[in-house]
Amino acid sequence: MTKTYTGIDIGTGHIKMAVVSDKGVLQIAVEEVPENLVKDGRIISFEAMSDLIRETAQKNRIKTRDCAFLLHDRETFTRRLTMPAMTVDELTLNLPYEFRDFITDEKEKYLYDYALLNMVLDPSGQPSEMDILAAATPKETVEAYDRMLHRAGFKLRIAAPDMVAFENLIRAHDAKDPAHIQTDYCFVDIGYTSTKIHLFPSGNYEVTRSLEFGTSRLVAAVANQFSVDERIALSYLDGNFENAQNIQPCLDLYEQLGLEVARVISFFNFNYPASQLDIVHFCGTGSYYQPLLASLAGHLSIPLRDIEEIMPPALFATDQMRVCPSAVGITLQ
């Protein structure tokens, strides 16, 4: 990477921004998203979100305008494909047909892109097959984001789904540490409305499992326990006021999450008997809560580690890296 980008990841609970260059992470900003501005993963008001992006950038003195934007799974079709070796022009022509079972609309209404994961050579050393990660997104979706970001003062340069962001982190880490190449990766991203488990056998994306657990359920439990509204409950949870992180309803939720994550990883190991998965990396807003992490670690038979271990270095003191790996990873093109 030769340019500096501002990566932007808009979630239901928080907006995350990261300024990244080839030297490392230069800036990070994490701000709450107003209630009901993002619903079911979709932005309700692009104008209001544009204002929030601009205000977040101004508040945190972010001046890098070239932007890498994260597309969430509701907006993107993603497929892992094995195809005969072909030229870029041939792949551009054929890629839309690989999504015909997913896209019922006219294929011309979508943008298509891909990342080459592996090239298989025949006995003579000539390319025979390509292993690729392909994505398709409605043109109107990208155009709407382009207008939103332009209004906020940014120029959209890169748009890709979150599994690409995590794959970029793996590639950058493996380039620095060749001993980890071909190692399986697992990321447990504990977000506001859900927890996503991203699985990368041999460092290549395979599948994402989404669990109906997010920190919003912890907030609701605390609000009910202390008879306060959810804004106050969030502050109780974040500050562990009156030991809020350890009330029994929260402990029950931690237990539920740990069991479900362990079940997903066991299923992965069953399907990939040659798996080398020996570490699970955690990230997301839920990673602030130590009782949750302790419970999760207790259900796993392999170590649970901070995703910061494989992220580019931050050139400043921060404890927010684990909250915005996608905002960082999406810039690493």
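Helices α5 (residues 215-226) and α6 (residues 230-239) have axes that come within 8 Å and cross at roughly 105°, where an axis is a line fitted to C-alpha atoms over the stretch in contact and angles run from 0 to 180 degrees between N-to-C directions. The two helices, α5 and α6, are therefore roughly perpendicular to each other, a term that covers angles of 65 to 115 degrees. This is a predicted model, in which local features need pLDDT of at least 70 and side-chain atom pairs count only at pLDDT 80 or more, while totals for chains, interfaces and linings use all residues. Residues are numbered from 1 along each chain as its sequence is written, and side-chain values use heavy atoms, with hydrogens and water left out.

**The contact of α5 with α6**
- On the α5 side, L218, V219, A220, V222, A223 and F226 meet E230, A233, L234, Y236 and L237 of α6, contact meaning heavy atoms within 4.5 Å.
- The residues of this contact divide into 10 nonpolar, no polar and 1 charged, where Ala, Val, Leu, Ile, Met, Phe, Trp, Tyr, Cys and Pro count as nonpolar, Asp, Glu, Lys and Arg as charged, and the others, Gly among them, as polar.

**The whole chain**
- The protein chain has 9 helices and 15 strands, which are DSSP runs numbered from the N terminus, with helices (H or I) of at least four residues and strands (E) of at least two.
- With a radius of gyration of 20 Å, close to the 20 Å that the globule rule gives for 333 residues, the chain is as compact as a globular protein of that length; the radius is taken over C-alpha atoms, and the rule is 2.2 Å times the number of residues to the power 0.38.

- The largest pocket holds about 1000 Å³ of space; on a 1 Å grid over the protein atoms alone, a pocket is an open set of points with protein on both sides within 12 Å along at least five of seven lines, and lining residues have an atom within 4 Å of a point.
- Among the 41 residues that line the largest pocket, G11, T12, G13, Y192 and T193 are the closest to its centre.
- Helix α6 supplies the largest share of this lining, 3 residues, and by class the lining of the largest pocket has 12 nonpolar, 16 polar and 13 charged residues.
- The second largest pocket has a volume of about 450 Å³, and D113, Y114, A159, A160 and V164 are the closest to its centre of the 22 residues that line it.
- Strand β8 (110-121) gives the most to the lining of the second largest pocket, with 7 residues, and this lining has 15 nonpolar, 4 polar and 3 charged residues.

**The cavity**
- A search of the whole structure finds 1 cavity of 30 Å³ or more, a cavity being a set of points where a 1.4 Å probe fits but cannot get out.
- The largest cavity has about 50 Å³ of space, a volume being the space filled by probe spheres set on grid points that are joined across faces, edges and corners.
- The residues that line the largest cavity are I10, V38, G41, I43, F69, L70, H72, E75 and Y145, and they divide into 6 nonpolar, 2 polar and 1 charged.

Definitions and conventions: Parallel < 35°, antiparallel > 145°, perpendicular 65-115°, else oblique.
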